[in-house]
Amino acid sequence: MNSKERVKRALLREGLPDKVPLQFDMCRSLCDSFGEKFGIPVHYTTSYYEDVTYRISANDLRIAMGSDCVVVGASLPRDYSHPVDENGCIINEFGMVMRQGPIYMEIIKYPMAHVKTAKDVEDFEFPDPLAEGRYDDAETYIKKYKDDYFIIGDMELTTYDMMQQLVGTEKLLMDMALGSEYVEPLIDKTKIFALAVGKKLVSMGVDGIWSGDDFGAQNGMIISPKMWRNFFKERYRQVYSELKTVNPDVIIMQHCDGAVAPILGDWIDVGMEVFNPVQPNVPGHEPDELKSKFGDRMSFWGAIDQQELLPKGSTEEIHTGVKQMIKILGEGGGYMCAPAHIIQSDTSMENVEIFIDAVKKHGHY
């Protein structure tokens with residue numbers, strides 16, 4: 001059984017794969033260090049948003065290290081690079097001004113902080129999602145790996161996440177609560193951009209399409225379930241439906257950080273098939289409860305704690321944590337093991353390798 005067959009069988013829950021499939025993303029410093037260790041040149045596919053870069057880069061390295069998946073997405077247009085201002089901040093295609101924080105890039109200027117009306121949304125120009133060269137790397141990797149590896153097409157940021165990066169989180173949440181007239185037009189504008197990316201990737205032959213919005217925090221949802229249902233539920237039904245019109249067999253994979261158990265049933269109802277990253281140690285995400293409640297209707301991808309376990313855990317603790325998640329979420333299939341986020345520089349190379357070894361050791365059925 002090759003990697004492509006393994007992942008499909010696991011995520012479609014059509015019998016058991018030979019073992020639990022593995023996927024992981026790493027930050028630039030870890031990619032560089034492992035690339036040097038294995039003698040594999042690391043190719044970076046720069047995205048229009050920084051985090052997405054590390055989802056869709058270093059594919060040759062990651063499969064050499066054991067990943068069953070190749071992740072592709074939209075890059076910058078051909079022969080274009082992000083400008084850098086006099087303070088060393090990059091300015092992305094949407095006009096977000098960003099600087100490097102302790103771990104993640106931080107937005108210091110929101111290009112739509114002024115927005116008040118539907119006309120303001122209409123007048124703000126988005127980049128061309130189908131710009132020439134944007135899918136050059138995706139085409140290369142799909143052609144190279146499509147027969148042997150499961151290809152994931154990344155269409156993050158989909159709606160809410162893009163909105164908050166454009167407007168600013170505090171303003172957006174206040175305006176959503178107050179019913180500002182620009183909110184729904186902006187949801188639709190971000191949805192149209194993301195769908196153009198997603199439909200392009202599906203048409204190119206990806207096996208799964210990965211949308212992403214973070215509606216959860218450590219202790220609960222950022223917006224209420226009622227507000228999510230009001231603004232986003234039916235729009236997600238539309239997104240998934242349009243992706244399926246391009247290829248009915250593409251697997252719908254949804255990223256959402258935080259504690260979002262109250263809306264998982266709704267999300268399944270509108271077409272979510274795989275839930276990522278199954279952030280552990282937040283209310284409502286107890287693995288046995290998630291598996292028993294939703295395991296016959298969707299599959300799980302993630303669940304390995306990258307906040308405490310991977311950076312600070314001993315070999316024994318990492319093996320125990322991985323073994324536990326595989327035992328619970330992987331029972332009967334329906335699980336792909338992965339960290340709950342991009343592995344950051346606070347995790348040592350040694351612990352990354354311990355994690356991979358643990359999945360290989362405990363993942364056999």
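Student: What supplies the largest share of the lining of the largest pocket?
Tutor: Helix α3 does, with four residues. Keep in mind that this is a predicted model. At least two lining residues each come from α3, β4 and α7.

Student: How many residues line the largest pocket, and which lie nearest its centre?
Tutor: The lining counts 30 residues. Nearest the centre are D51, Q165, D214, D257 and H341. The space in this pocket is about 700 Å³.

Student: What makes a space a cavity and not a pocket?
Tutor: Escape is the test: in a cavity a 1.4 Å probe fits but cannot get out, whereas a pocket is an open set. Searching the whole structure for cavities of 30 Å³ or more gives one. The largest cavity holds about 60 Å³. Its lining has 13 residues, and Q23, D25, R55, N276 and P339 lie nearest its centre.

Student: Why does M163 count as buried?
Tutor: The cut-off is under 20% relative accessible area. M163 has 0% relative accessibility, so it counts as buried. The residue sits in helix α7, residues 160-167. Beyond neighbours within four places in sequence, M163 touches G168, L172, V183, L186, I187, T190 and F232.

Student: Where does M163 stand relative to M325?
Tutor: Their C-alpha atoms are 33 Å apart, and 162 residues separate M163 and M325 in sequence.

Student: Why is T140 called partly exposed?
Tutor: That class runs between the two cut-offs, under 20% for buried and over 50% for exposed. T140 has 46% relative accessibility, so it falls in between. T140 belongs to helix α6, residues 136-145. From T140 to Q164, 24 residues along the chain, the C-alpha separation is 32 Å.

Student: How do you know that the buried residues of α8 line one face?
Tutor: Start with the list: in α8, residues 169-178, the buried ones are L172, D175 and M176. Viewed down the helix axis, these fall within an arc of 105 degrees, so they line one face. On the other side of α8, E170, A177 and L178 are exposed.

Student: What do the buried residues of α8 pack against, and what follows the helix?
Tutor: They pack against α7, α9 (183-204) and α10 (225-246). After α8 comes G179, with a positive phi near 75 degrees.

Student: Why is helix α11 described as largely enclosed?
Tutor: Seven of its nine residues, in the run 261-269, are buried, so the rest of the structure largely encloses α11. The buried residues are A261, I263, L264, G265, D266, W267 and I268. They pack against α10, β7 (251-255), β8 (274-276) and α12 (287-294). G271 follows α11, and its phi is positive, near 125 degrees.

Student: What makes S57 buried or exposed?
Tutor: Its relative accessible area is 2%, under the 20% limit, so S57 is buried. S57 lies in the loop between α3 (50-55) and α4 (59-65). Apart from neighbours within four places in sequence, S57 is in contact with H43, Y44, T45 and R62.

Student: How far is the backbone oxygen of T53 from a polar atom of the S57 side chain?
Tutor: The distance is 2.6 Å. A polar contact requires N or O atoms within 3.5 Å, so this pair is inside the limit.

Student: What makes β2, β3 and β4 a sheet, and in what order do they lie?
Tutor: Two strands pair if there are at least two bridges between them. Four bridges join β3 (residues 97-100) to β4, so that pair passes the test. The order is β2-β3-β4, in an open sheet with antiparallel pairing. The edge strands are β2 (90-91) and β4 (105-109), each pairing on one side only. M98 stands opposite I107 in β4.

Student: Do β9 and β10 run parallel or antiparallel, and how many bridges join them?
Tutor: They run parallel, and five bridges join β9 (residues 299-304) to β10. W301 has M336 in β10 as its bridge partner.

Student: How do you know that β10 is mostly covered?
Tutor: Five of its five residues, 335-339, are buried. In a regular strand the side chains alternate between the two faces of the sheet. Here Y335, C337 and P339 point one way, and M336 and A338 point the other way. All of these are buried.

Key: Residues numbered from 1 in each chain as written. Predicted model: local features only at pLDDT ≥ 70, side-chain atom pairs only at ≥ 80, totals over all residues. Heavy atoms only, no water. Buried < 20%, exposed > 50% of the residue type's maximum accessible area, 1.4 Å probe, protein only. Contact = heavy atoms within 4.5 Å. Arc of directions from axis to C-beta. Polar contact = N/O pair within 3.5 Å; in protein donor to acceptor, adjacent residues only side chain to side chain. 1 Å grid on protein atoms, 1.4 Å probe; cavity = no way out; pocket = protein on both sides within 12 Å on 5 of 7 lines; lining within 4 Å. Points joined across faces, edges and corners; volume = space filled by probe spheres on them.
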